[in-house]
Amino acid sequence: MKIKSTRLLFGVIILLIGCKDVPKSKEETTQLKFEENWESLSTIEREPEWFKDAKLGIYFHWGVYSVPAFDSEWYPRWMYFPNRGSEWGSRIYSHHEKKYGSVKEFNYHDFIPMFKAEKFDANEWATLFEDAGAKFAGPVAQHHDGFAMWGSKVNPWNVKDMGPKRDITEELYSALSKKNIKTIATFHHARLGQRYATDSTNWLGKGPDVGVNSHYPYHPDYITATTDPKLRKLYGNLEEEEFNQYWLDQIKEVVDGYAPDIIWFDSWLDQIPENYRQQMVAHHFNTAVSRGQAPIAVHKQEDLPENVSLLDIEQGGKTEISEDYWMTDITISDGAWCYTEGQVYKEPSLIIRNMIDVWSKKGIVLLNVSPTAAGIINKEQHNILKVIGAWIDIHEEAVYETRVHSIHGYGVANFEEGHFGGQSATIKYNENDFRFTTSKDGNTIYVYSLGLPEANADIQLKHVFDSNKKATVKNVSVVGSNVSLKWSIQDETLNITTPKSSDMNEIVTVFKLEFK
């Protein structure tokens, strides 16, 4: 019996060892929570608490297009348009021909060795973003130009194998992780594919536009029409199905290898067939959830269902409080999103006031900065971020973890809803423009005066009691100075008397209303 028991035990051990070596299928090891259809994907928590609390993220347009540093990040497209009735096309084409020569001799990919990022310091950038108040950050992972800002095995045109020969995304994410800053990766490459490049004569304006919805135009004499197996991936000259899979594989690679909390998509995502978009979102959600993340997808226009993804409004906003959380991407400059020589920047006061307007309407801000090709965020941008961070640091309790009030506010500033409305440098906010938010528990209302109020003046604050007409005011003060103010109530209006100017903030003064 003892021998038989020993043999039986030995057999069981051998069986277990053998079973260990049998590979399990992905379906056996991973129970996928989200299926590749909108109904299943809509069950995600689109608005996780961390995102509601965050308020501000920072990203950057930085890549090969930063080398010419002329006009805009659309340089790689318009350098191939000699005359299309476009101011951009004629201007950039002429500049390129004058400085670098004909595009038949000097092409976009010839800029890649000049993109060295020799001054890039991920830890310095992460500290800069943290000091500016950002709670999430990350790169434009790939713009319309087809060059990947991560160490890609899918895309041969990438920052690890060419140019800087460094994995920019990996370095930055590692630095951000040390500061507990969440991450975003933005994708713009849906426009790269030359879907409509079928008749080369049309490129010269002799017929209907060809390639108008792709980044690079098609012309048989230009590199954009190349059939070279490697070059055609940069210039998007791929068959439709091949391009769609190439588009998807790159996003999957970033999701799998870098674990972004947010993946964000620029316009023209609707050019990608629905089934590919469903695969993409499902992969992001399933992979992130399996890692314990609360993932988010962000889109523009109607490119993804709003019960699956959050809407982004470029350089714009809303006129009232949104039913759902949303995002706006704005740039620190008053022009291009990438660095250009002679770039002009917005006043930090305008950026801060615009951010508060967004927050009061249930929005989150994604602020763009513009590094040089060398990897320097210049002094002017540093100073703007410093002012933003200093203001947030003083008013932190009125920024993070706040929620919307019954109304967003009221005032005299004029702006339009939608893209490019609400972020213009021409918008003039003043002390008569008020915005509201509340604390999570609802016991505090923050009232933002988007300017410097007159000292020792009486201000009538309306809509304070909209949510609770029986609320009892406990104290009224100024955030940052903790100066208590005189106040009274008349006809559901809260009357307050402002303190001396030195107790208020010239950019935005925040009054704190506490209730019992």
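Begin at D491, which is exposed, with a relative accessibility of 69%. The model on display is predicted. D491 belongs to the loop that links β15 (487-490) and β16 (493-497).

Select E401 next. This residue also has a positive phi, near 60 degrees, and is likewise a residue other than glycine. E401 sits in the loop between α13 (379-394) and β9 (402-410). Is E401 buried, partly exposed or exposed? Its relative accessibility is 44%, a value between the 20% and 50% cut-offs, so E401 counts as partly exposed.

Now move to strand β11, residues 444-449, where six of the six residues are buried. In a regular strand, side chains alternate between the two faces of the sheet. To follow this in β11, colour T444, Y446 and Y448 as one side and I445, V447 and S449 as the other; both faces are covered, and all of these residues are buried.

Strand β10 (residues 434-439) runs antiparallel to β11, and five bridges join the two. Within this pairing, T438 is placed opposite I445 of β11. The hairpin formed by β10 and β11 has four residues between its strands, and there G442 adopts a positive phi near 80 degrees.

Which strand pairs with β11 over six bridges? The partner is β17 (residues 509-515), and the sense is again antiparallel. For a point of reference in this pairing, display Y448 together with V510 of β17, which stand opposite each other.

In soluble globular proteins, nonpolar side chains tend to be buried together. The largest nonpolar core in this model comprises 136 residues, and F129, F136, W247 and W391 have the most contacts inside it. Helix α10 (residues 240-258) gives the most to this core, contributing eight residues.

Centre the view on F129 and show its surroundings. Beyond its neighbours within four places in sequence, F129 is in contact with I58, F60, A134, A137, L172, L176, V369 and I377.

How values were computed
Residues are numbered from 1 along each chain as its sequence is written. This is a predicted model: local features need pLDDT of at least 70, side-chain atom pairs count only at pLDDT 80 or more; totals for chains, interfaces and linings use all residues. Side-chain values use heavy atoms; hydrogens and water are left out. Buried means under 20% relative accessible area, exposed over 50%, partly exposed in between (1.4 Å probe, protein chains only). Two strands pair if DSSP finds at least two bridges between them. A nonpolar core is a set of buried Ala, Val, Leu, Ile, Met, Phe, Trp, Tyr and Cys residues joined through side-chain atoms within 4.5 Å. Contact means heavy atoms within 4.5 Å.
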